[in-house]
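Here is a short report for a first look at this structure. Please keep the sequence and the 3D view at hand.

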Amino acid sequence: MATEEIALGQAQELRRGTVVLACLALLRKPQYGYALLETLNDAGVTVDGNTLYPLLRRLEKQGLLTSEWNTDESRPRKFYRVSPEGSRVRTSLVREWQDLVASISRLTKESG
């Protein structure tokens with residue numbers, strides 16, 4: 001397997017765990033799934049719909065998100081928003097993320 005292929009696979013693994021944090025951060029304001037998908041991709045957090053929509057349902061089932069249908073437009077859309085529990089989890093994950101970034105930065109400087 002080529003080095004480039006291996007690096008690409010490993011980069012995907014790194015990103016996979018960040019999607020939950022990114023969703024919890026972005027959904028302070030209600031968004032529907034497709035808009036969230038575009039916002040994530042525009043921000044460089046690459047995710048596809050087949051990953052995002054099941055994730056949103058799982059986070060809602062866990063009580064981290066709430067949702068409601070907007071039927072005011074011609075096409076009904078389900079809007080998601082972070083719940084109070086989701087806000088607490090987001091705060092904890094942000095702290096964990098910052099600690100992890102600091103640790104990895106130290107490790108890469110030491111071994112660089």
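## A buried ring

Phe-79 counts as buried, because its relative accessibility is 19% and buried means under 20% relative accessible area (1.4 Å probe, protein chains only).

This is a predicted model: local features need pLDDT of at least 70, side-chain atom pairs count only at pLDDT 80 or more, and totals for chains, interfaces and linings use all residues. Residues are numbered from 1 along each chain as its sequence is written, and side-chain values use heavy atoms, with hydrogens and water left out.

## The aromatic pair

Rings of Phe, Tyr and Trp (its six-membered ring) pair if their centres lie within 6.5 Å; planes under 30 degrees apart count as stacked, over 60 as edge-to-face and the rest as tilted. The count comes to one aromatic pair. The ring centres of Tyr-32 and Phe-79 are 5.5 Å apart and the planes are at 65 degrees, so this pair is edge-to-face. Tyr-32 lies in strand S1 (residues 31–32) and Phe-79 in strand S3, so the pair ties together parts 47 residues apart in sequence. Strands (E, at least two residues) and helices (H or I, at least four) are DSSP runs, numbered from the N terminus.

Arg-77 lies over the face of Tyr-32, 4.1 Å from the ring centre. The rule asks for CZ of Arg or NZ of Lys within 6 Å of the ring centre and within 35 degrees of the ring normal.

## The hairpin

Strands S2 (residues 65–70) and S3 (residues 77–82) pair in the antiparallel sense over six bridges. Pairing requires at least two bridges found by DSSP. Leu-65 has Val-82 in S3 as its bridge partner. A hairpin of six residues joins S2 to S3.

Conventions. Buried < 20%, exposed > 50% of the residue type's maximum accessible area, 1.4 Å probe, protein only.
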